[in-house]
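Hi,

Here is the structure I said I would pass on. Have a look at it first, and my notes follow below.

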Amino acid sequence: VDLSLEMLQQWQRPKNILALQADFEKLPFKEESFDLIISSFSLQWLEENLSLNFSRFFSLLKPGGIFAFCLPAHGSLEELRAAKIFDFNQLPNSRELRTTLEKCRFEERFFTELTFKQDFSSGLEALKSLKKIGANHLQGSRKPLTKKHLKEFESFCLKNSDSLTKNFALSWVVPFFIFTKK
């Protein structure tokens with residue numbers, strides 16, 4: 001399931017898996033329909049509170065069902081925050097996510113958190129990469145990005161590039177969760 005038809009079209013899926021364009025905050029499935037729910041880099045877009053959505057996922061799982069997901073968390077993209085040019089969504093922190101899952105009656109089976117660095121030849125290439133993965137979707141009212149902002153950002157990136165490679169890096173803090181329905 002993905003809200004973006006473009007993302008669904010990019011996915012190379014086996015023939016026995018149905019791809020459905022839908023909003024995962026309004027999933028069209030009956031309770032206890034699934035043994036497994038997997039989400040990769042999408043739950044950060046939830047507009048409603050996490051508790052409500054995790055409760056929905058809990059109800060969609062059969063008893064003993066597995067909910068596995070990862071998402072960018074608090075601490076990700078600090079390089080963009082440091083530029084003080086962009087206004088973007090706050091990302092959840094791992095501790096709060098784990099507490100919320102437990103309050104929704106999920107039982108933890110696995111958790112780890114890793115930090116990844118992604119190098120780009122320029123700040124503009126970093127922004128293009130974010131746009132490609134859908135990270136240009138903004139919630140609420142935000143100021144548009146202007147040419148002046150882009151020039152300021154490129155200048156910031158040049159000052160904050162690796163001295164040897166001249167690459168600009170973005171960091172991602174990614175927690176990985178596997179929880180089961182008790």
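Which residues make the nonpolar surface patch of about 430 Å²? They are L36, I38, I66, F110 and I178. Keep in mind that this is a predicted model. L36 sits in strand β1, which covers residues 34-40. With a relative accessibility of 43%, L36 counts as partly exposed, since the cut-offs are under 20% for buried and over 50% for exposed.

Now for the overall picture. The chain has six helices and four strands, and reading from the N terminus they come in the order α-β-α-β-α-α-β-α-α-β. The C-alpha trace spans about 55 × 35 × 30 Å along its principal axes. There are 182 residues, and 35% of them count as buried. Among contacts with a separation of 6 or more, 76% are between residues 24 or more positions apart. The chain exposes about 11700 Å², with 54% of that supplied by carbon and sulfur atoms.

Start with α4, residues 94-103, where the buried residues are S94, L97, T100 and L101. Looking down the axis of α4, these buried residues fall within an arc of 125°, so they line one face of the helix. Cover for the buried residues of α4 comes from elements including α2 (50-60), β2 (61-70), β3 and β4. On the face turned away from the buried side you will find R95, E96 and K103, which are exposed.

Just after α4, R105 adopts a positive phi of about 75°.

Then there is α5, residues 123-132, with G123, A126, L127, S129 and L130 buried. Viewed down the axis of α5, the buried residues fall within an arc of 160°, so here too they line one face of the helix. They pack against α3 (78-83), β3 (106-120), α6 (147-159) and β4 (168-181). The face of α5 turned away from its buried side carries K131 and K132, both exposed.

Cheers

Terms used:
Residues numbered from 1 in each chain as written. Predicted model: local features only at pLDDT ≥ 70, side-chain atom pairs only at ≥ 80, totals over all residues. Heavy atoms only, no water. Buried < 20%, exposed > 50% of the residue type's maximum accessible area, 1.4 Å probe, protein only. Helix = DSSP H or I, 4+ residues; strand = E, 2+ residues; numbered from the N terminus. Arc of directions from axis to C-beta. Contact = heavy atoms within 4.5 Å. Patch = residues over 30% accessible without salt bridge, like charges linked within 9 Å, V, L, I, M, F, W, Y side chains within 5 Å. Areas by Shrake-Rupley, 256 points an atom, 1.4 Å probe, with all protein chains shown as cover. Salt bridge = Lys/Arg side-chain N within 4 Å of Asp/Glu carboxyl O.
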